[in-house]
Amino acid sequence: MAQYPQRVFSGVQPTGNLHLGNYLGAITRFVSLQETHECIYCVVDLHAITVPQNPADLARNIREVTAAFIACGVDPERHIVFNQSQVAEHAELAWVFNCVARMGWLNRMTQFKEKAGRDRENASVGLYAYPTLMAADILVYRATHVPVGDDQKQHLELARDIAQKFNNDFSASIAERGHGDEFFPLPEPLIQGPATRVMSLRDGSKKMSKSDPSDYSRINLMDSAETIAQKVRKAKTDPDALPSEVDGLSGRSEADNLVGIYAALSGGGKPDVLREYGGRNFSEFKNALVELAVQKLGPIGAEMRRLNSDPSYIDQVLRNGSSRARVIAAENMTAVRDILGFVR
Ligand code: AQP
């Protein structure tokens, strides 16, 4: 087995309001990994256009996601923050991976089935091939670790399958060019913490999502204190008091979700939350959750608003990050072209 330097890569789509699920499932991990790893964080705008986008909204959303990264504590000086469309190697490697991945593999992807819905014939080819682009995003940097929410697990497994098949299919050429047994690492998903799948506030069986038509289903990072309070108070619950043990949350998806959110925001676990709130009713617990959510998200929202008022600073962060990302991507893509036998 080849040894690869540890490198973290992850991305977020600029498709609308960033919410508590993106924050707890992904961005908080982005921040903590900066202490131990070299990190590359990407605003995946090529992924965004797999569904229709209004160009003006897309540009605003790209800047907003960048502002969210920085406001949450990602450091664009020590690490790399950029937008995908500025590094053409992502799309180039995705094409190579379209020729490595099998139709049968992509046909199993549940996210495509969910997003394409009943109107599958009308979905873009890009939406179908989304996972091969995601594999290219990670592997063009030969990244070893990928912090994501639980919903991305299947796509990460596909990225590993693609890396493995490329390494096998081209093993002789890889060795001939001095890369050892394999060229790509098998990237490891980092799906960790008490909130890897934050659910909708309106329906405990659906994940919190930017594209949910109801704004009451999610807490956005830029929501005001009043809006956060309203959304939490209206969140669906059941009539029983909170249990004292985690087992008592089974079959109570909405209660489980709110307890998980509280645990993640407070930095504790669900047992700690239930030790404090077990036996209390929801109205009392929701007041405590509002207070905690406003305390944690208020400063992030304020910083995002400040950063959003200076788009030229954000654009410069993205340009700077892109030029540093391009150096790594270009070197790996040159090696891939040689491995494939392309003449240059
Ligand atoms: N509800 C969630 N709980 C935990 N993690 C989540 N993530 C998304 N929703 C939750 C994680 O956030 C990162 C960025 O997600 P994305 O923007 O790339 O795409 P997504 O998973 O499709 O997110 P959304 O919000 O649900 O967007 P739409 O509505 O456009 O589909 C990923 O690591 C993801 O796991």
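Visitor: Which atom of the ligand is 2.9 Å from a polar backbone atom of Met208?
Guide: A nitrogen atom of the ligand. Keep in mind that this is a predicted model.

Visitor: OK. And what lies 2.8 Å from a nitrogen atom of the ligand?
Guide: That would be a backbone N or O atom of Val198.

Visitor: What about Ser209, which part of the residue is 2.6 Å from an oxygen atom of the ligand?
Guide: The side chain: one of its N or O atoms sits at that distance from the ligand oxygen.

Visitor: Switching to the helices. How do you describe two packed ones?
Guide: You give the angle between their axes and the distance between the axes.

Visitor: Then where do α3 and α13 stand, at what angle do they cross?
Guide: Helix α3 covers residues 55-72 and helix α13 covers 282-308; their axes cross at roughly 130° and come within 9 Å. That angle makes α3 oblique to α13.

Visitor: Left-handed or right-handed, that crossing of α3 and α13?
Guide: Right-handed. On the α3 side the contact is made by Arg63, Glu64, Ala67, Ala68, Ile70, Ala71 and Cys72, and on the α13 side by Ile300, Glu303, Met304, Leu307 and Asn308.

Visitor: How do the residues of that contact of α3 with α13 divide?
Guide: Eight are nonpolar, one is polar and three are charged.

Visitor: What does α10 do with α13?
Guide: Helix α10, residues 225-234, has an axis that comes within 9 Å of the α13 axis, and the two cross at roughly 145°. This crossing is right-handed.

Visitor: Which residues meet there?
Guide: From α10 you have Ala225, Ile228, Ala229, Val232, Arg233 and Lys234. They meet Lys286, Asn287, Leu289, Val290, Ala293, Val294 and Leu297 in α13. By type, the contact of α10 with α13 has nine nonpolar, one polar and three charged residues.

Notes: Residues numbered from 1 in each chain as written. Predicted model: local features only at pLDDT ≥ 70, side-chain atom pairs only at ≥ 80, totals over all residues. Heavy atoms only, no water. Polar contact = N/O pair within 3.5 Å; in protein donor to acceptor, adjacent residues only side chain to side chain. Axes fitted to C-alpha atoms, helices over the stretch in contact; angles between N-to-C directions. Helix = DSSP H or I, 4+ residues; strand = E, 2+ residues; numbered from the N terminus. Parallel < 35°, antiparallel > 145°, perpendicular 65-115°, else oblique. Left-handed = near helix turned anticlockwise from the far one by under 90°. Contact = heavy atoms within 4.5 Å. Nonpolar A, V, L, I, M, F, W, Y, C, P; charged D, E, K, R; others polar.
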